[in-house]
Amino acid sequence: MNSKEITTQISKAADSLNLKKWDYGASFSNDYSVQVDKGEAKQLKASQKQILTIRVWNESNLVGITTTSDISQSGIEKALNQANIASDFGNKNERTEFSPLAKDPIEVKYTKKRKPVGIKKLLTLLREAEVKLLESHESIKSVPYNGLSESFYERVYANSDGAFRSYTKSQAALYLYARAEENNKKPRSSGSVKLGYGVEDIDIESCIKDASSKTISHLNYSSIKTDKYLICFSPESFLTIINAFSSMFNARSILDGVSLSNKNSIGQKLSTEALNIYDDGLHEKNISSSPFDGEGTPTKRLCLINKGRLENFIHSESTARIFKTIPTGHAGLGSKVSVSPDWIVVEKSDENSDLKTSLDHSTYEGEFVYIEELNAIHAGVRASQGSFSLPFDGWLYKNGKKISIESATVAGDIKYLLKNIVNIETNQEVTTSGISPHVWVDDLSITGDA
Amino acid sequence: MLSSQTKSNEIVFGSCNKDLLEEIIFYGIGLGADFVEIFIENTNNSSVLAEEDFITSVSPSFGRGAGIRIFKGKKDGFVSTNDLTKHGLMRSVSQAIEMLDITDNKIEVFKGLNKHRDYCLSKKKWINEVPSIHEISEKLLVSTKSLKKNNKIITRKGSYSRNLQEVIIASSDGTYVSDIRLHQTVGLNVIASDAQYRSSGSRRFGSSGMPNEFRLWDHEKAANDVFESSMNMLYADYVDAGQMPVVLANKFGGVIFHEACGHLLETTQIERGTTPFENKLNEKIAHESVTAIDEGISEGYFGSLSVDDEGMEPEKSVLIKDGILKKFISDRAGELRTGHKRTGSGRRQNYSFAAASRMRNTYIAKGEHSKEDLINSISEGLYCKSMGGGSVGATGQFNFAVEEGYLIKNGKLTSPVKGATLIGEAKEVMPKISMCGNDLELAPGFCGSISGSVNVTVGQPHIKVDSITVGGR
């Protein structure tokens, strides 16, 4: 069944159950992936998946939901029945409606749908990449985590009010994590991930080069003394922190009491005036961009922090109604509609005179810690409390030398971190989760075992 | 297209599918596969969320699908699909064969499926015995009400989820198995706040194959425990970082062994060359006080199974005996690629993942000391009463958040501390577990890895680690 046929099928089945109001979200995908081990194919995977989530409103305007992978006529009828039963337990305390923007025009740009190259081609490319990475340095002994995949999918939203949205996309991903070993030293590991609309868009050579240079740069390592340090966050690590505390911008989290912000926080000063943060799901560099969210609301660019002050929250239909504003295109379809950011963009604002511009990661000669990548976010972040304690990969720059840091954590508080930003470099870098320049923060605690 | 296949041409749960399964396996073997495995599932899940004094989410879901794995030599091709018709399954076999680029003419012998091992017989009634949404909702609301013990509690949540999974497993070695799995979990969470101070508390409980378990759950005790934890931590200072001895509490304290050592004893890690224990069988890798077990047979525990996802009954595997490494956790691919015998540990989240060697109920065995013995032996250190999550890096370094910690001074528990993280490497920490308590207890959890998220149990008695890096501020 294609998406139009599914819509017709749901409409018919809903009529027979006397359900006047419904909507659904669906996704259909075909995925192919390969992994290799020392030149040999290890696992080759293909999958065909379909997921349908149906919501219905009962006579009391309470919402019930069901999710299924069975998109046959009987599956759809069963899903509607289950959703109808679940609606008896719908949330009486918070109404859910269709998004008022579900029929607004959507902006579909940068859609580059590629054709599949096939498993054999994926395997050949990954084998070659593994060989090149192994040959790039004598200490690189294996590439234990590797994969090349391509995915082709369609996302759909439709409702009983006549809204219908659909888009198709393709996406490819390559990851290479190398392991280096030297005598009388601990093994060291690092890697690189690259995304593209298709395999032909992925810069395989640069992925190999990044994985190799990162891994090798950690070979000479040392413990770090526990203390407070001047920190330079890489674009990737700064985006990791911002995403981990995105509940600050999230209206759903505010209503649920798990955000550091409250309804009256708009305008609150969080940081140096030099900091701007946007959510820009439609950014041309966002390979995973979606033109609409789970409720059919168009995706758009939204300013979250403007010159250091909280500017906007991200919303679903229901949170927007409660906050007396409009949905922002950040909803995820569910019994309880979730809200989450799409693609964070960090930049330096015009009001940047208070920044210490001498702090540049490529030229600064004083002592600082460079945090390349933060790990174990799920374990080390207390978003509702604002605190974090996270292991990281990085280097200590001291006396003109750079040495990899062994087994350390950086700890602090997000409000403290934002207030202690001392420089935002000019050049932005594209990562897999957004765009950011290098960001410098003073006086953060690092625990090492030196 | 809408399904228009006749019943005999598709998998029907609760019926005999032997002829169809054999036909598909014959097809794969005939095309040159060394081994063909078919895993088919039908799920019926439900979850309920209570926030403050309201039910805010009821989410039923159901689905079906198949995962087909073909081996040729040591490599495998895996295809998953939602199409359970004969045509759909055969197409998946063809796709897997094509991926593997099989060109030789050697045809393995398939003698047909063995007698059906049906583990469902006593389990078919479970779906009618589990609590109804109405019953669950009522108890969750009573639970969240129990959390409202003072005005510092600003957020109260109770959540329940039930996963009922019916599986059929058939493979070219004759394996033909059906099973029904039931998992239920219930959890409570609070956030407490007073001026600039904030804390949180959470506990999760879980069972397998016990339809009545939610009714027996002592929500009052759970609520008191979560409330006390959040109150104890509300005004806690941040811990000072450094190297120190620690005592890890029982139950979920076992997550450290699970993450830091257990994963390194899975054959997938040998395949990748990422475990320091690869060539250490029958060598000492831990303190002699440590005996560690992984098993899938303890009735009702979250990681227990009647049969694994490759059709093998789980065994009790003594991984470490008195500090000596005795066994790895292995699945079919692990046995093929590393030579370690299967342990009934081939597990996957669902049909869309190929099975891999995964832990089940994993714990350090009890020792002879009391909890007080351990704490009394430390002049300055940290007591980790409740652990959060953690992770292990590609080189074996681990880190874990301590949710509820207390300083130990002169053999006594003193003030609560927050923000602690335990950092180390299994190879270095395992020999430093010098004392094990006599109070082994287990706790449920979810483990995410190569074959998705699976239900597990972690556990240990109270244990003392002589020295570990504690991250703080």
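Modeller: A:Glu94 and A:Arg252 form a salt bridge, with their closest N and O atoms 2.6 Å apart. The model is a predicted one, and the distance is computed from its atoms. Across the interface of domain 1 and domain 2 of chain A, two salt bridges are found. Domain 1 of chain A covers residues 3-216, and domain 2 of chain A covers 222-450. The centres of these two domains, taken over C-alpha atoms, are separated by 25 Å. On the side of domain 1 of chain A, 39 residues make contact, and they meet 31 residues of domain 2 of chain A. The size of an interface is often given as the accessible area lost when the parts come together. Between domain 1 and domain 2 of chain A the buried area is about 2900 Å², and carbon and sulfur atoms give 57% of that area.

Chain B can be described in the same terms. Its assignment gives domain 1 as residues 7-234 and domain 2 as 237-471. Here 24 Å separate the two domain centres of chain B, again over C-alpha atoms. In chain B, 44 residues of domain 1 are in contact with 35 residues of domain 2. About 3100 Å² is buried between domain 1 and domain 2 of chain B, with 49% of it from carbon and sulfur atoms. The rule finds six salt bridges across this interface of chain B. In chain B, a salt bridge also joins the side chains of B:Arg181 and B:Asp309, at 2.8 Å from N to O.

The two chains also meet each other. Contacts link 73 residues of chain B with 67 residues of chain A. The area buried between chain B and chain A is about 5800 Å², and carbon and sulfur atoms contribute 50% of it. Six salt bridges are counted between chain B and chain A. The side chains of B:Asp101 and A:Lys120 form a salt bridge with an N to O distance of 3.6 Å.

A:Ser139 lies in the loop between α3 (119-135) and β4 (140-159) of chain A. With a relative accessible area of 4%, A:Ser139 is buried, because buried here means under 20%. Leaving out residues up to four places away in sequence, A:Ser139 touches A:Arg179, A:Ala180, A:Glu181, A:Glu182 and A:Leu219. Helix α5 of chain A, residues 235-244, is mostly covered, with eight of its 10 residues buried. Among the buried residues of α5(A) are A:Pro235, A:Phe238, A:Leu239, A:Ile241 and A:Ala244.

Chain A has an open sheet of six strands in the order β11-β10-β9-β14-β22-β21, with mixed pairing. Strands β11 (309-310) and β21 (429-430) of chain A stand at the edges and have a single partner strand each, so one side of each is left without a neighbour in the sheet. Within this sheet, β14 (residues 344-348) and β22 (residues 434-436) of chain A run parallel and are joined by two bridges. A:Val345 has A:Ile435 in β22(A) as its bridge partner.

An open sheet of six strands is present in chain B as well, in the order β12-β11-β10-β15-β22-β21 and with mixed pairing. At its edges stand β12 (324-325) and β21 (441-449) of chain B; each has a single partner strand, so one side of each lacks a neighbour in the sheet. Nine bridges join β21(B) to β22 (residues 452-460) of chain B, and these strands run antiparallel. B:Ala443 is paired by a bridge with B:Val458 in β22(B). Helix α7 (residues 255-262) of chain B packs on this sheet, touching β10, β11, β15, β21 and β22 of chain B. The direction of α7(B) makes about 120° with that of β22(B).

Two loop residues remain. A:Asn61 is in the loop between β2 (40-57) and β3 (63-68) of chain A. Its phi is near 65°, a positive value in a residue other than glycine. A:Asn61 is partly exposed, at a relative accessible area of 27%. In chain B, B:Asn282 sits in the loop between α8 (267-272) and β10. B:Asn282 is not a glycine either, and has a positive phi of about 65°. B:Asn282 counts as exposed, with 51% relative accessibility.

Note on methods:
Residues are numbered from 1 along each chain as its sequence is written. Chains are lettered from A and ligands numbered from 1 in the order in which they are written. This is a predicted model: local features need pLDDT of at least 70, side-chain atom pairs count only at pLDDT 80 or more; totals for chains, interfaces and linings use all residues. Side-chain values use heavy atoms; hydrogens and water are left out. Two strands pair if DSSP finds at least two bridges between them. Helices (H or I, at least four residues) and strands (E, at least two) are DSSP runs, numbered from the N terminus. Contact means heavy atoms within 4.5 Å. Axes are lines fitted to C-alpha atoms, for helices over the stretch in contact, and angles run from 0 to 180 degrees between N-to-C directions. Buried means under 20% relative accessible area, exposed over 50%, partly exposed in between (1.4 Å probe, protein chains only). Domain bounds come from an automatic or database domain assignment. Buried area is the accessible area (1.4 Å probe) that two parts lose on being put together, summed over both. A salt bridge is a side-chain nitrogen of Lys or Arg within 4 Å of a carboxyl oxygen of Asp or Glu.
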